[in-house]
Amino acid sequence: MPRPLIAGLVQGLLSALITLFLKRMLEALSKRWPGRAGLWLPPLAAACVSVSLLGSIHWLAGTPEILRTISVPLSVTTLYAITYTLALRRASAGPG
């Protein structure tokens, strides 16, 4: 199997697994940290976990050009984490 195809399959599987657990992680962390820390620490944690997992597993899989491979999924993950954390905060603040 060609290396770029393996990289694509690895990335697809990783993205699915990370997305599966990301929502729960953000919910738990945003409840745990009140105030401003609860706004920026959950997305930062999500980005750190994502870059660690993606980078490590792609390195182990022998993916060529790891940074190019993970840049888009990492950007999407981080944007989602920021947006979802803001939505959680607004929902917990109640109407008003």
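The dialogue below goes through a predicted model of one protein chain and the terms applied to it.

Biologist: How many of the residues in the protein chain are buried?

Modeller: Of its 96 residues, 28% are buried.

Biologist: Among contacts between residues at least 6 apart in sequence, what share joins residues at least 24 apart?

Modeller: That share is 68%.

Biologist: Why is the pair Glu-27 and Lys-23 called a salt bridge?

Modeller: The cut-off is 4 Å between a side-chain nitrogen of Lys or Arg and a carboxyl oxygen of Asp or Glu. The closest N and O atoms of Glu-27 and Lys-23 are 2.9 Å apart, so the pair falls within the limit and is called a salt bridge. Side chains of opposite charge can pair when their charged atoms come close.

Biologist: How are Glu-27 and Lys-23 placed in helix α1?

Modeller: Helix α1 covers residues 3–32, and the two residues are four apart in it, which means a separation of about one helical turn.

Biologist: Why are Glu-27 and Lys-23 called partly exposed?

Modeller: Partly exposed lies between the buried limit, under 20%, and the exposed limit, over 50%. Glu-27 has a relative accessible area of 22% and Lys-23 has 37%, so both residues are partly exposed.

Biologist: How many salt bridges does the rule give?

Modeller: The count is two. Besides Glu-27 with Lys-23, there is a salt bridge between the side chains of Glu-65 and Arg-68, at 2.8 Å from N to O. Arg-68 has 64% relative accessibility and is therefore exposed, the limit being over 50%.

Biologist: What makes Ser-30 buried?

Modeller: Its relative accessible area is 10%, and buried means under 20%, so Ser-30 qualifies. Ser-30 lies in helix α1. Leaving aside neighbours within four places in sequence, Ser-30 is in contact with Gly-38, Pro-42, Leu-88 and Arg-89.

Biologist: How do you know that the side chain of Ser-30 makes a polar contact with the backbone oxygen of Glu-27?

Modeller: The side chain of Ser-30 reaches that oxygen at 3.2 Å. The limit for a polar contact is 3.5 Å, so the distance passes.

Biologist: Is Thr-77 buried or exposed?

Modeller: Thr-77 is buried, because its relative accessible area of 14% is under 20%. Thr-77 is placed in helix α3, residues 66–93. Not counting residues up to four places away in sequence, Thr-77 touches Leu-22 and Ser-50.

Biologist: Which residues make the nonpolar surface patch?

Modeller: Leu-39, Trp-40, Leu-44, Ile-82 and Leu-86 make this patch, which is about 450 Å². The elements that give two or more residues to the patch are α2 (37–61) and α3. Helix α2 gives the most, with three residues. Trp-40 lies in helix α2.

Methods:
Residues are numbered from 1 along each chain as its sequence is written. This is a predicted model: local features need pLDDT of at least 70, side-chain atom pairs count only at pLDDT 80 or more; totals for chains, interfaces and linings use all residues. Side-chain values use heavy atoms; hydrogens and water are left out. Buried means under 20% relative accessible area, exposed over 50%, partly exposed in between (1.4 Å probe, protein chains only). Contact means heavy atoms within 4.5 Å. A polar contact is a pair of N or O atoms within 3.5 Å; within protein, one must be able to donate a hydrogen and the other to accept it, and residues adjacent in sequence count only if both atoms are side-chain atoms. Patches are made of residues with over 30% relative accessible area and no salt bridge: like charges are joined within 9 Å, nonpolar side chains (Val, Leu, Ile, Met, Phe, Trp, Tyr) within 5 Å. Accessible areas come from the Shrake-Rupley method with a 1.4 Å probe; for residues, only the protein chains shown count as cover.
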